[in-house]
Each structure stands twice: as structure tokens, then as C-alpha cells.
Amino acid sequence: MSIGSTASLVEDKAAAGLRPGRLPGWMRKTARLLLGLAVTALLWEGSVQLFGIRPAYLPRLSAILAAMAATPRAYLDGFLRTLAETLIGFAAGGAFGVLIGIAFFRLRALREMIFPIFVVSQTIPVIAFGALVVLWFGNTLLAKAVIAFYLTFFPVTVNTLLGLETVDPKLVALMKSFGASNRQLLLRLQLPTALPHIFVALRLASSLSLVGAIVGEWFGDTTGIGVLLLQAMYTENVVALWGALLAAALLGTGFYAVVAAAERRLVFWSAEQ
Amino acid sequence: MREMAVIIQRDLPSVQAALQTSVTPIAAGSPEAAAKPLLELRAVTKSFGPVTALADFEASVAPGEFVTVVGPSGCGKSTLFNIVAGLEEPDAGGILRFEGNSCHAADLLGRVSFMPQQDLLLPWRNVVDNAILALEVEGMPRAEARAKALKMLPEFGLAGFEKQYPHQLSGGMRQRVALMRTFLFERDLMLLDEPFGALDALTRAMMQRWLLDVWQKYRRTILFITHDVDEAIFLGDRVLVMTARPGSVKLEQVVDLPRPRRPEIVTAPEFVRLKRTLLDAIEEESMKSFQSAVAEEKAK
């Protein structure tokens, strides 16, 4: 006997999203986003001219873009340099956070020994810590990556631990009844369960690692978005300051979007439930 | 049909010796009677601190047999299952035998296919990958396990759904995926803990008939927990009624209804007679557990 007839109960979600005569969802979303950006740019440009805002407070967007286009090399180099520092710090912080989270989950004693130290480390202001790192590593790319790492590993550790602890004990019992080893439990059950929590932390870490990289550059360097910010500040060049801000915004938003896209792909189940 | 059923009333532990001799002739109705039991529990006790969940629990399951267990809520059914699944060790003194050898509960890990109440599907795995979870844990290559599962899909009413994820399935289908996972983990003994408890009545009736078909085809031994007396009689070769906590076997009832069983059988006079006997026994135990709960309340 078969009971396949209940099969028809399953909702066909794919069909609902593809009605004829309309653009696919992602295209509509992108179009709306671009429209929003265009409106904001127009408002910016228009209100500066309309209300006669002095360039010292808010320059016109077109002036900022023109200044950036005049010296594209500086912005491009700075962007790439800061991107590299951010990525290295983020990757190291993410990997370390997940590994330490697993270690804390497995070894209670280790957690009780080390976790309080982690908490204390996070209460040290990043500026104070940054000075120390520069003393240790000099004005290298590594120094900036270390500061980015310092800001990112903690939220990832906490959320990995949190995620691992949400595993349903009944599922653990089921896996054990199949004869699963600890390694199989970790890879097939615990880590996938923790993944949504880990991604929440990674999204946060993507912004924090950029902060770490920029702050690191303030301790001394010759390229980077942080350097551009600092130079503009000293020379009171408001247009250059806004140019550096835009570059930082572009980097931060882009990175965040990439992490969020990876999250949507990898933890598809928690979004759809 | 000659004597419908033989009922053994177990009120005193001292009757146990007499019981063991009387169990054999009862089982003579089934072809497996001659074989030695696949699973045997003797004087199994389990307590959690001051609470005794199981006390002197006695049961044996013959190869190929379908044994159902009913009892009032909180009677230690789940504790019994956790012991047989190898997840919980009984207190010292009891005897646990599997395939004739005495063993620890932990030795049963990986040797019994266990299906808990909830379907417990992994949301990140599609139907096929959920079904092969146990095979993967055993170390079978994924491609081989998937091929095996794909062949089984139609029988479980899941043909064409192999790529779907659990959140896209109905409750009945999810339950069938969980059952398929249990079936694919080929062990001599299958433990099913109220697998249809969360389903609506119609789906449940269909699933019961379907389970009997699959069981008859694969000839596995099944120990099946339920709180539904109809289900226990409809499915089982034998029904064990448990006492209120601490749980032990109050009544062992052979179900002598012919197989294959038609759905209409639930209104047959033999069925109703069995049901009355079982309900009386359960009622008595439910009252006991209710009264002791009230007494506990008063004591506070």
C-alpha cells in the first residue's frame, strides 16, 4: 500500500515566486535598491545647492566623486590595503572563534579557565590594545590584521558556544543509538546546528573587522582608508574626508553583503522555516 | 478460533518463576516460538535519585515478533526504551540479554534501530540524506547509501520527494522519512517510540496499515510503544500493559487475530473483547497513578 497521495499537500513555493509577466524577485530587489540610492544621491546634491550648505559641513556629492576620480590611485590602493587587513583579521578571528568555541563546548574545565580571560580582554579599549600591537608588530599589515582579529574572535566564540549548546539532546541520543562517534556527532549534528548562530556573529564580525583595520592604520601607515581619513582630517580637507568615508562605506557594505549572501546559501533551512 | 487469548496477571513478583514456564505455551501460536528470544529483560530496575521508573521489569521478544507496549503516562515506557536503545544503563542486578548473550545497555548502541517520538529529521538534509544518516554513521559510502535509499522511496510513499527538505513535507511524510531511516539501519530489533503519536487520526490509521505491510515484507522484530490501545492491538502479536510507576509488566496479552489485518477488524467482537481486557487493566493503573499524584499534592 502506498500513501503517496498526501504528497500533493506539499506547497509549491517555487511556482508562487515566478508569476508570468513580472521580473524575478532578485531583479526587482536590485532595481529598488538602485532607485533608493539614486534618490538619496539626488536629495544630497539638491539640498546642498538649495539650502546653500557650506562645503565645510557637507560638500556636494558630485564634488566628492570628482575628487575621488581625480586621484583614483590613492583610493584604490587604500581600499585594497584595508580590504586585505580586514579579510585576514576576519578569517583568522572567525576560524579561531569557531575552534575555541568547540573546545569550550567539549572541555568544561578549559572554558572555566579561559573564558573569563576572554571577557576581560574584550573590556580593554581597542585603542589601548592597538598601541600594544603596533609595538609588537610594527607598522605592518599583520599589526592591523591582529587588531581586526582582536575585535572579531570574541563574538564568534560566544555564538559558536551558544549554537553548540542549542543541540537537541534527543538528536544526540538518536545519533548515539546509530553508534556515532564524537567526531561524527560534531560534524554531522552539532556544527550544522550551530551554523545559524555562527553566521549571526560573522555578520557582526564583518563590520567589526573593518573597524579594527581602520583603527590599526591610525597608529601609522602610508596606505589604507584609515590613512586617507587621518590625512584629510589633518589637512581639514572635507571633500577628501567624505571620499574616504564613502570608500569605507563601500567596503563595509560590500563585505557585509558577501557574508550575508554566504549565510543565505549555507543556512537556507533556518530562513525558510 | 479456539481460546482467543491467554491472560497472565502479574501481581506478585513471586509468580515470575511460574510465568516463565507458562509463557512458552502461549507463544506456541506463533511460528517463532521455537527460537530463543532476541531480547530478554529480567528483573530490570532503573531509578533516578528517589524516583523508581522501572521495577523488576520482565519481558522477552522473539525474533520476528511485533510486541506493543501500552501503559499510563509516566509509567517508565520511555525509560524502558532508552535502556533497550543503549542510551541508559539499568541499575545493577537486572539482566539484559540480546541474542542470547547477557550484555550492558551500552553494548546495544548501534545494534538496535531506534525511532523516537519526534521525527528528528535534520533540517539541512533532504529526504534521501536524512534517510541515510545511520548508514553514513556506519561508514557506508554516500553514493552507495543513496542508491539504496532511492530504491526504497516508493515503498515509503516518498517517490519523487528525494530532493525535498523536511520543512517542505507534511507531518505524515516526515514520519515516513524517519521510519525509512530506521528501516535502512538494518538491525534485528526495531524500537519505535509512539511514532504516530503526533499524527491526525486518518494519517495514523494509514501509517499503521502501511507499517504492517512493510513489517511483513522485511520480517524485522519490532518493539512498539504507544498509549493508544487500538493501535497496540491492531499492530501487535503481543501487548504488554505496564503498571503505574514504578513500571513493570501488569498484563501480557497475546493478540491472536489473523494477519493480514483489515482495518475493519477494530469492530470485530474478538478485537473489542481484547480491548476491554486491556482497557480495564490500564484504567486500574491510571487510577493508581492519578491517586498517588493527588496524594503527593496533599503531602505538600
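## Exercises on a two-chain predicted model

**Exercise 1.** Which strand of chain B do four bridges join to strand 2 (residues 39-48) of chain B, and how does the pair run?

*Solution.* The partner is strand 5 (residues 95-98) of chain B, and the two strands, joined by four bridges, run antiparallel. Strands here are DSSP runs of E of at least two residues, and helices are runs of H or I of at least four, both numbered from the N terminus; two strands pair if DSSP finds at least two bridges between them. Within this pairing, Glu40(B) has Arg97(B) of strand 5 as its bridge partner. The model is predicted, with local features needing pLDDT of at least 70 and side-chain atom pairs counting only at pLDDT 80 or more, whereas totals for chains, interfaces and linings use all residues. Residues are numbered from 1 along each chain as its sequence is written, and chains are lettered from A and ligands numbered from 1 in the order in which they are written.

**Exercise 2.** How many residues does each chain bring to the contact?

*Solution.* Chain B contributes 33 residues and chain A contributes 23 residues, where contact requires C-beta atoms, placed from the backbone, to lie within 7 Å. On chain B, the elements that give two or more residues to this side are strand 7 (112-115), helix 4 (133-138), helix 6 (171-184) and helix 7 (201-218).

Notes
Contact = placed C-beta atoms within 7 Å.
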